[in-house]
Amino acid sequence: MRTAIESLPFLWQGLLVTLEVSALVVAISLVIGVVAGVGIVYGPRLVYWPIRLYSDLIRGIPVLVLIFFVYYGLPALGLNLDAFWAAVAALAAFKTAHVIEIARGAIQSIHYGQTDAAKAIGLTFWQRMHHVVFPQAVRRFLPPWINAVTDAVKGSALVSLIGVVDLMLAVQKVIGRTYEPMPLYVTGAIIYFLINYTLSSLSRRLETRFAHIRE
Amino acid sequence: MRPLSEPIVRVRKVGKSFGEHRVLEAVDLDVERAQVVAIIGPSGGGKTTLLRCVNLLETYDEGSIRVDGVEVGYRDGDGARRRPRGDRELARIRADIGMVFQLFNLFPHLTAAENVMLGLRKVRGLPKEKARERALAWLARVGLSDKVDSLPAQLSGGQQQRVGIARAVAMEPKVLLLDEITSALDPELVGEVLAVVQQLAKEGMTMIVVTHEMGFARDISDRVVFMERGRIAAEGSPAELLVRPQHERLKTFLSSLNPIHALERSE
């Protein structure tokens, strides 16, 4: 137990990296995923097919393969990213594909009559998105998206495999020094759990907040 | 320039197909200012599709639809070479064409007042207070002064549809399209909605009304159009078409409507 407590400052550094990676991945995938999700629902074929292909392809690859590909594979094509940014890029690419599908499902759950009515009063495309479609779709979007966010936090542990000292690798480094795996893995697990438990409580609060929107 | 005599809505030789299925065939229709035209006919006859083409919720493949002299679906140009209009141009055209829907299509996340205000603020550019003022005035006109801050889910069907009408007319459209606006209502709620429309007609609102209520069509319209299989099969005054129908299919259609004839009920 003492070792676990003494190692806390070092674990704290790792935790910050985990949070940083997760936050970047969540933010990047949210923006690109929602825009591409809109593209896949409303875009012409030239927009639809590349997004469809991307989403299907990426979701069919294990995320670890993606991480190794970006870190070890891309330098062969002349693109050198350090471990941290390679990890962020790979995880964000992966998460984006999921956000695309979540956004697509949420948008398509809105009855087409809503779009008809919004067009009929003269709203432009982005006005219809902003004032009519998104405020209703957000209720369908949030629960699976928070799931995806917690997945992103958990999935970020994989970046330890290319040497990014996140919470996971910090735990392993301490274990390497102290040969006391149990207390450290338990500590690590508790921290991951607390992050994700906070996120899902937040999600339940948000769901209640949007519950008044009924079709 | 539009000749002074051009009708506010001018439909010429409009045709449309869904794949192999021909839904509109060489449709001609003129609607003059302050005129009310009722479109009747069997389901699948093209009534709703024609109405939705007028504000381009559906595209038309052939022919021309002009509202107040402006071609709705296409930029200038002829035949196969004409180009579809972009999003912003369409939005501008649609802002002047009101529409009320069979299933109301109120925005469920907005109150009655906010439903009416959305177009006033974002399309007409009115400041919030001004938009609310105008929205409340229209909601009062349709008898909903006590419901302005209710969400659609808290309103009855008839009340929702009256909000739908207020939302459309608050934009002060050049023409109002009504798409079977009482079909989804319980029978006892139909009257309150039709009364509002009747009042609008009296005040000179130009309207195209797709309806299954023959009594309503007869009372409100200056002209009745009978559509069947994508064509206008008969056209004339309400008296000519509904009281003394000559057209064979129209007779069959009218007598099939209800065992107790809708016309007799309203007489």
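Q: Which hand does the crossing of α8(A) and α9(A) have, left or right?
A: The crossing of α8(A) and α9(A) is right-handed, where a crossing counts as right-handed if the near helix is turned clockwise from the far one by less than a right angle, and as left-handed if anticlockwise. This is a predicted model, in which local features need pLDDT of at least 70 and side-chain atom pairs count only at pLDDT 80 or more, while totals for chains, interfaces and linings use all residues. Residues are numbered from 1 along each chain as its sequence is written, chains are lettered from A and ligands numbered from 1 in the order in which they are written, and side-chain values use heavy atoms, with hydrogens and water left out.

Q: And at what angle do α8(A) and α9(A) pack?
A: Helix α8 (residues 167-178) and helix α9 (residues 181-209) of chain A pack at about 165 degrees with their axes 9 Å apart, the axes being lines fitted to C-alpha atoms over the stretch in contact and the angles running from 0 to 180 degrees between N-to-C directions. α8(A) and α9(A) are therefore roughly antiparallel (over 145 degrees; under 35 is roughly parallel, 65 to 115 roughly perpendicular, and the rest oblique).

Q: Which residues make that contact?
A: Among them are A:Leu167, A:Val171 and A:Ile175 of α8(A), and A:Leu184, A:Gly188 and A:Ile191 of α9(A), contact meaning heavy atoms within 4.5 Å. By class, the contact of α8(A) with α9(A) has 10 nonpolar, 3 polar and no charged residues (Ala, Val, Leu, Ile, Met, Phe, Trp, Tyr, Cys and Pro are nonpolar, Asp, Glu, Lys and Arg charged, and the others, Gly among them, polar).

Q: How do α2(A) and α5(A) cross?
A: The axes of α2 (residues 8-42) and α5 (residues 83-108) of chain A come within 6 Å and cross at roughly 40 degrees, so α2(A) and α5(A) are oblique to each other. Their contact has 22 nonpolar, 5 polar and 3 charged residues.

Q: Switching to α7(A), where is its kink?
A: A kink of about 50 degrees lies at A:Val133, shortly before A:Pro135, the bend being the angle between axes fitted to the seven residues ending there and the seven starting there.

Q: How many helices and strands does chain A have?
A: Chain A has 9 helices and 0 strands, these being DSSP runs numbered from the N terminus (helices H or I, at least four residues; strands E, at least two).

Q: What about α3(B) and α4(B)?
A: α3 (residues 112-122) and α4 (residues 128-141) of chain B pack at about 125 degrees, with their axes 8 Å apart, and α3(B) passes α4(B) in a right-handed crossing.
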